[in-house]
Every structure is written in C-alpha cells, then in structure tokens.
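Hi,

Here is the structure I promised to pass on to you.

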Amino acid sequence: MTSIPIVRLTSLLLLLLCPVFIHAVNIVGSIKPNNVLQSLTLLPPSMTVSLSGASLADSRTSHIYSNGAFKFQDVKPGSYLLEVNCRTHLFPSLRVDVSTDGLVEVYGTFRGNEWDNKGERKPHPIDISPVKGSDFYIIREGFNPMKLLSNPMILIAIVAIGGMTLMPKMVENMDPETRAEFEKQQQTSVLSSQNNPLQSFDMAGYLAGSSNKAQPKSGNGSKRK
Amino acid sequence: MWLWHNPLRYFLLAGALLSSSCQAVFSDEAFHTDFQVQLFGTALDPSSTFFHQAAAGKTGSLLYTLSNRLVIGAINPKDGAQVWRQRLGEGTVSESEELSKSAWLRKSKDGRIVSVFDKAIALWDAATGRAVWEYSASVTVADVITLKAENLLVVALKGGEVKAIKLESGEIAWETLVGEGRDVASNFNFVDDRLFLTLSEPAATALKTVVISPATGAQLETFIDGVFSQSDTHVFTPQILPITAFKDSDQLKLNTLGTKQTKSLGVDSTVHEYRLHAVTHDTLFIEYWAKSPDSATSWADFHTIKDGVVTKKISLPYENAISVFSLSDSGSGIFATRVNRAEIRIYDTESENQVKAFELPKMLPAEPLHVVAEVVRRSDGAIAVRAAVTLADGNMILVRNDQVVWTRQEALASAVAAEFVDVHEVEDTLEKTLHAEEASNLVTAYIKRVTRHIQELKYLPGWIAGFQESILGIFGPAAPADAAVTKDPFGYRKFVVLVTRFGWVTAIDTANRGEVVWTINLGKTKILEKDIKGIFHFGKGVVLVVLTSGDIYKIDAITGRGLKKTAIQILPSANVMTVESPTSDDRWIIAVPVREGVKGWFWPDDKEEELTKALSKATLSRKCEGSTGICGYSAKPTLGGRLILTPTWSFRLPPNQKVVSINTRPAHDPIASIGKVLGDRSVMYKYVNPHLALLIASASSTSSIYLYLLDTVSGAVLHSSVQTNVDITRPIVATIAENWYVYSFYSNSDARGTQLVVTDFYASATKNDPARLLQQNFSSYDQTRSTSPYGISQAFIFPHPITSLATTTTRQGITTRAVLLSVPKLGSLLAINKRTLEPRRPVGREPTAEEKEEGLFKYEPYLGVDHGRASLSHIRDLVGIEKIITTPSLLESTSIVVGWGIDIFGTRTNPSEAFDVLGRGFNKLALIGSVLAVGVGTLFLRPMVRKKQIGQRWAQ
C-alpha cells in the first residue's frame, strides 16, 4: 500500500509543525457587571473587544457573547494592546503579553506613557469592568429659581437688602442707652453721613465756583481750583 | 504617585478636557436635528435571506438577510424596520470578490442563526443579535451544517478538515481530517441520519463522498464515482437533498449520494444560470434564467426524488421575460412563487398552471434579482403570499399579496460617490434680480424696481396671514425643527446626490430625515468605484455624473430629471475636475490623462476664450504616470474640446515610496482671519495659500510614512515630515483645511496605538511678521526656500482606529473648525474641536496666564475622547461610515455633516456653539412674560416713587 508512507509522512510533518502551533494560545475573558454597568444586556450587541498586535494580521477582534465572554483564538507570541470598543461605556485598556512558551501575562497599561510602563498584573482569564458610563447629552438648562437663589452674588444682594430694611427696625427696638451709644458711634464713624465727603458734596456750589466749608480739609478740592 | 497610575483618572481627565471645548449634542436636539438611514446593503443571495422565527415558540417571524456589504441582521417584515445588525469581517471588502461563495447565513437551532465569512463562523441569537460564540478557522470554510439531534454545528474547511462545534458552548466536540489534506471539500448533505461530505480530489478525476458519523466524527464510508472531470465544478445543493450537484459547460449533473447514479440535465451554462431549491428531501426545484439581460428568459422545473431516482415532474411556463422564483413550505403544501415586475404568481407541485396570481398595482421600479416568499393556504382554500423581493436597483421591497408593504433603500449602502447640492441656489433668485437692477442705469433700474414691487404685492395677503400666524406661534409651543422642510431660512436643507453600484442616481434630503427625493437610472447595470470619475456640482442645482467610460450625465438635482447624456473620450486613468469661470456662471469639466503627451478634454466644448481666461492662471495637477508623484500642467483649450497640456513641474517620489493619498483643501474653505492673536497681543500670521496639497507616501521597507506639503502651482515642497514605525497596512487618513492638516496612522513605536497628528503653518516663526502675506502680488512662483512656512506639530494618542477624517466648513470661516472622525469600532462619528488639536498647547507645564487667555491648555498625549460628549452620532449605532462630507449652511455657526458608506448619517454641528441662532431652549413665553412683568412692575412702582420724591422735596 502506498498510502501508508504518506500517512506517516504527514504525521511526521504534523509533529514537526507542532512546536510552531503549540505556542499560539487562546486568550479568554469576560465583561463583569459592576455599579456602572448593572446588567450585560445594557451593552450594545455590536460591541467588540480588540487585541492589537504589531501587524494587522496578528490582531484579533471578538464580539461580546451573551454571557459577557470574549475569546481570541490562536494568538501568536508578542505584546498586545487589549481594548474594549464600546460606545456606551468606557473600559480600561490592558496590555497582554504572550511569551514564546505560551504564557499569558495581563497588565494594566497607561495610554500616553511608554509601552514598558506596565501597571499591576491581572489574572489571565481576564475580568474587565467599565469605569464610567458615556454621557452623550447636555441637558439644556431652563429657568430654575432655586439655582438662581444659590448664586453667591444673589445671596449677597439678598443679605444686603435684608440688612437695609431690618436695621432701622432693630435700632428702634434697642433700649434707649444702647441706642444712644449706637447713634454716637455712627456719628463718629468715618463713614457717617456728616463726614462722608461724597454725601456732603455740594454739587451746585461746586459748579457755581463757590468754596465749600467742608472742602478745605481735602487736598483734592484745592487742586481742582 | 499612585494617583497618576489610576486609569480612571485618565478617563476623567480626558472627559474634563473635552467637555471644555467639545460640541456635545443637546438632549432636546438629538434625534431631531440628525438622521440616520439604517441600511444592510443589497441581499446577496436568496439562500442567505429567509423568514425565520426569532425564538422557538414565538409566533411571527423576522426576515434575516446577508448583504453585499457583509452586514447580517433581522428586519421586521411588518414595517421594514431594522431589529438588529452585525457586520461580518473587519472592514471593506474588495468589490470584485464573489461574496456569495465565501459568505452565507443559515438557520440553526433554538432561535439561532449561523453566519460564515471566509474563515470566521459565528452563531447569533436571532432575537437580540448577540453573538453566542465565534470560531475562526485556519483556512476558508467550505460548508456548515447544523445537526439538531446532536446539538452540533459541523464545519468543513476547504482543506478537508471537519470540525464539530457544540452549539451551546462553542467548544470542539470532535474533529477529523478527510482526504489527508489533499482534497477540497465542497458541501454537506444530511440524509437519513447520515452526514455526507462531498469533496473533489486534486487531480479531479473522481467525485468523492465521505460519510461521517455525526456523533463521533468517524469516517464510515467513502464513495468514489468516476464521473467528475477536470472541467466540472460544484453547484450549491440544498443540504436536505440526497443528491449532490455539479456541472460542466453544458450539463447539470445530479449524483445520488452513495451511488454511482448520476442524472444529467442539458443546460448551456454560457447562456443560462440556474439555482437549486428544496424544502423537503423528495422535491427538487430548479430555477433557470438567462445570463444576458438582452435575451431575458426564465422558467423552472419540479423534479421528484424517489429511491435515489430523480425524475422531472412538471415544467413551469417558459417566458421571454425576467422572473425569479422561490420555493416555500409553510405546512400547507409546497408552493413556488414567481415574481416579475408586474405580478406575483403562485404554483403548486401538481400542475403547470398557476393556482393564484396577484397583480401589483404598479410596475416595480426595476426588475427583480431574487425573492424569498412565504405562501400560506388558509383553511378556506384562500392563498396568501408574503415575498421579500430584491430588485435590480439594489433595493428591497416586501409584497403582501398584491400590495407593496414597504421599500428599503438598500442601494444607498452601495454608494460609490456622493455630493451636496444646494437647494437655495436655485430658489434664491432675488439676489440676481437686484444685481441686474444695479447694473442698469438709474431710470430703468427705478422702473424695474417699482414694477417688481407692484408684482410682489400679490404676496402681501399671504405675508400678512403668515405674520399673524407667526405672532400666534410665539405663544404656542416652539415649532418642531422638522417643519423646516418647506420653510428653510437657515439653509439646513441640502440634497445629497449619490451614485450607487447598481447604476442609479439617488438624491436624499438632509432636512427630511434622509428621505429619498428622486432616483433615476443611468442605464448601467453595475458601476464600481473604478468606473466612476466623480459626481460634480455644476452650479444652479445641476450635477454631472462622469463615468470612466466617458459618459457624462447632466441631471437636474432638484427634480431628478435627466437633462443631457453625452459622451467624451476619456482615458480610463484620466483625472477629472471642474473649472469655474472667474467672470461668469460658466463651468467646465476637464479631464487630464495620466499618460504623458496626450491631450486632455473639456466639456462643454464651447466658449474656449472664457475657458482660456479661467485656465490662464491655474495649474492643473494630478498623479504622475505610474503613481510616482504629482505632476503639474498648464492647459490651453483648443477647438473641438481638446486641451493642450504643457508640463510645468513634477514631484517624483523615491522608488520605494508609494502614494497613499493626495489631500487638497476643500473647495469652500474661507479663512476669516489671517492671523492668530496671542495672549500678549502680538500676532502669528497664518500661512495662507489656496493651492496646498498634502501628499502622503508610504514605504513598506522602512515602515514609514512621508508627508509632503506641496504648492500645486509651482510644485514647491513647502514642508515635509516622516513618521517611522508605522503599520502601513492599517488606515492612514488625513484632512487639510485653512493653514493646517491633521492625519492619523497606527504606530508601533513606544507610544503604541492610533496616533493623530496636527500641524499648523504660520507665515513666520517670529511674532508680528506677516512675511510676504500682505504684499500686493503674492505669487506662488516667487517663493524662495527661506520663505517656506513655519510648521508646528503635536501628536496625540487616540484610543481607536480612525478610518476617515474631515473638517467642518462654514459660510465665512469665522467659526472654529472641528475635525470629524469616523470610528467604526465604536460605530460613532466623533468631532474634536480644533482648539483641542492645537499644536501650541504647552507641554509639560501649566499654561501661563497669557496662554490661558489665548485658550490654550496643558498638552496631554492621550486624547482620551469621552465617547459621549465628542460624539455627533450620540447613542446611534453607525455601520460602515467610510466618507464624511460637509457643507456650510446659511448660518455662520452651523455646518452640515453627512457620513456615508453603508449607513447614511446626517447632522448639523456648531463647533463654536450656536451663537447666531436661538436654540430650542429659548422660551418665548418666558421672554414675553418677563417683559410684561417689568412693565407691570414699573406701572405699580411709579406712583410710589413719585410720592416718595415729592415727600423728599417737602422734607428738605
């Protein structure tokens, strides 16, 4: 029979090829729900996980199966970037290293840093959970009285107006002694009405050119003349 | 330090960065200002389109399909709405490939369907469209079969490997190698619990059939029938039949499995095509049609198979017209459905006379390509039919009895070219009338204006009525934006005219959710991307479709009327462009052949003097012969529509570099400000040049890409740069506008992943130096090396591959640009503001107060786009957006964006926010209310204030 040597040859060939194939490994993992993602059914069915290697031929893409799992078949040795392509949730990127003897090491990775900057090591059947949900929309802000009231400028204005209206009443309610003291204090205060140059400024007199009795003290007035 | 290494922090940071300058979608505008035409593409093959129950025990079935764009999914047959979609394969498919031989969709068990494309097999949940498992084989898949009793999916690979995959888990149950890896497997048949695999030996002297045990994979028997010859090829045979079919040029041969019995049917396969249908193991139905549309014929035969003997039972009438057949069995008997443009006829297996005919109320717009039908005979004997018909124009319709229930515009998924047409340009005649008045002398102008005003008086009553309405409208709810279809003050309404592979031209309306406005046939059955030179907007609502064959179609883009069909002689490799007259409305298209020393063409071939004027200052540029670079020519028109081309410059690439793309600034790209004011009030002058071209070349030997910025008038290289460690097999895309370009590629360097690089060009590296920008006669010809622009670059890492880049355009160019990115892995169209892609962002330090004032913020290498906020398509799932086109609206703030490829997505975007239009949030009632409140308050306070003032006067 001539077919027997052929069978032997092919099996020998297979044995020879074996060391090449054996190191291509399967990488598996799954999406785990967390407080950001309550249920796997919230994920869009079209979402994928991709494993990017040095060339496009080495790269793999897997859908997310109904149980959240994903699988990359026959991954050759090399260093890969694992990314979850999802519109609705943000997932961290991972670095997956496959050594020539088929060992799979999974690390966190920091995009924007050099590739050798690895994060903490993670177990191989990869469990990955979203870090944040996508927020697609801006809610247009309508008129909101509470929001208006919480504005600090508005609060200051309200306190000031309140003070202005309440102060005379408080002064009226004081007992005569303290009231007298308060009024005296006000009189001596720099800002009190008598001493305030702005309040006592005689506009008509100034325009008429006559000197003001309160003016001589201030250098300003004399300069203007 | 740990904080730096928290991935969450990166995301939050990225989100914070983008929220500052992104154009997120307002929740009340989403789904109102944007539209999406969800498409599958044209159904590929009738065996991959079927009605199927989505879940076991559920009544009502969905329509499943696999398209020519490799999209699978489910359609609700009631209204034609999409239930779910998934894309097979990793992107674009070459057009010439015979997809129906490598991709198919089959029913499986328990509400599952199985898809195959090349080496990939996937099992999908038929109701939700979620993958159950995926398997990728080492070589191309030859056939798959679901064994329901064993719960297995058996896969035959081309090389003869057979694998059984457990339906539930996707694990391999058994595998075996048939034929020692030398034979080529073709198809499975499952008859009487025996699994037959038909193979052909490499020498092709015998038809080989192997019986495989479904449970263990053991090879039980091998049959070799010496009838299969070198010229024979396998024909797709339904798996339930106990026969396998193959053919040579004039015979269709049916071999009964496990026997030497072969029946030959005489069919001249150079003239006729045929397709085998079966729904039960004892009835074979063969459909025949003519290969050439000129000699349209169609007929079909019923054969019965009994004890392995095939006998012809009846022949359905031969017709000299195109009709397509479908076979169905829905429990009430086997029926054949025959569809042509006018009617649907139902035949049973007993007679050659139809049992029922439904005449369609209107002829179908095109001939049918194939059909899948369900026929039910009710208890009272009445026959009802539901047929999903794929038409030659690429669309799919569903016919119920004699009514067309819905039409899906699936041809749009096969668009090869698209162009915007401005509807306003046609309607806006007032401007021209005013110009005409200006041009004439005072008296005639006055008379003209008065007569025009008198004529316009007739619009007055209508205007008053409308005015009243708009006043009343203030108090009502805000008018929905959809009402803008008829009244379009902001120029949101544009038509997108698309040419499809099926030889039709279709226009869709961006203001009406992408509804088809008109569609016309070019009289070609197939237009591939290489067959079309382009679609050109020719002014005044006219578009020109120019084919490689030299055919020119002039179409009124508003009404869809074909205005003129003409043909000029164009070399297939010629470059076609439009030229506009600087003084009049005239336009020409010109074709510049790639071969040296050949004259070019122009059309229309009149007004040579005008064209001479238009071309006198221009330089035409195109790819050099053999795509080795760019060559520039000056052109001089001569009589007879020919152009004399004189080479003026050429830019040749080194031999190891290949052209990836040539990008030029958009036709409408105004620069509003020639300088950029910095925080210290000094100015950086932009490098303004309308003749910029960015040539990207790649070299596989060095894994590098080379970027050359050229002046297309003088051919001068203004700037060049190199990126090393580039994976040139992945998409390299670019966009150029104003004084900057952005490009994207996949890098294998330390900063691994997709990179996005932005380069801005300024007239000079020093501030307040306009270089020669302000000179009166600024010419491309007198550029010296020392005056080449000053370029600043910054690169960003982007998390996903980008397959298309574009820039927003606005009317005056005042609004900040946004760079638009098509990210197919997310199924989104993203927009990144140019202020984020600003190469002057401070690196490694916080911005100074001056830089902050300018709007700069700290550079972060990772452009972690917050998918949500940067997404123009928000929650929508876009499939296969390959090209993005933009056009300005009448509002400066707004640019209209349409992405096409498979889906069509359209929206309008305001990169600098809507500063010139009131948004939906504007509350007219609140405005009027507050004005009234202030008025009432004034009236109320007036006497009080007056009283107080008088009191004060008296007190003094």
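Below is what I found, beginning with the contact between the chains. Please keep in mind that this is a predicted model.

The contact between the two chains draws on 54 residues from chain B and 40 residues from chain A. On the chain B side, helix H1 (7-21) and strands S1 (25-26), S6 (82-87) and S10 (131-136) each supply at least two residues. S10(B) gives the most to that side, with five residues. By type, the chain B residues that touch chain A divide into 19 nonpolar, 20 polar and 15 charged.

Strand pairing also crosses between the chains: two bridges join strand S12 (residues 137-138) of chain A to S1(B), and these strands run parallel. Here Tyr137(A) stands opposite Val25(B).

Further along chain B there is an open sheet of four strands, in the order S31-S32-S33-S34, with antiparallel pairing. Strands S31 (368-377) and S34 (403-408) of chain B stand at the edges with a single partner strand each, so one side of each has no neighbour in the sheet. On average, neighbouring strands of this sheet are turned by 15° against each other, direction ignored. Strand S33 (residues 396-400) of chain B is joined to S34(B) by five bridges, and the two run antiparallel. Within this pair, Ile397(B) has Thr407(B) as its bridge partner.

Lastly, an unreviewed UniProt entry places a "transmembrane region" at residues 925-945 of chain B. In the model that span is 100% helix and 0% strand, and its end C-alpha atoms lie 29 Å apart.

Enjoy exploring!

Best wishes

Key: Residues numbered from 1 in each chain as written. Chains lettered and ligands numbered in written order. Predicted model: local features only at pLDDT ≥ 70, side-chain atom pairs only at ≥ 80, totals over all residues. Pairing = 2+ DSSP bridges. Axes fitted to C-alpha atoms, helices over the stretch in contact; angles between N-to-C directions. UniProt positions renumbered as here; feature names shortened; annotations may be inferred. Contact = placed C-beta atoms within 7 Å. Nonpolar A, V, L, I, M, F, W, Y, C, P; charged D, E, K, R; others polar.
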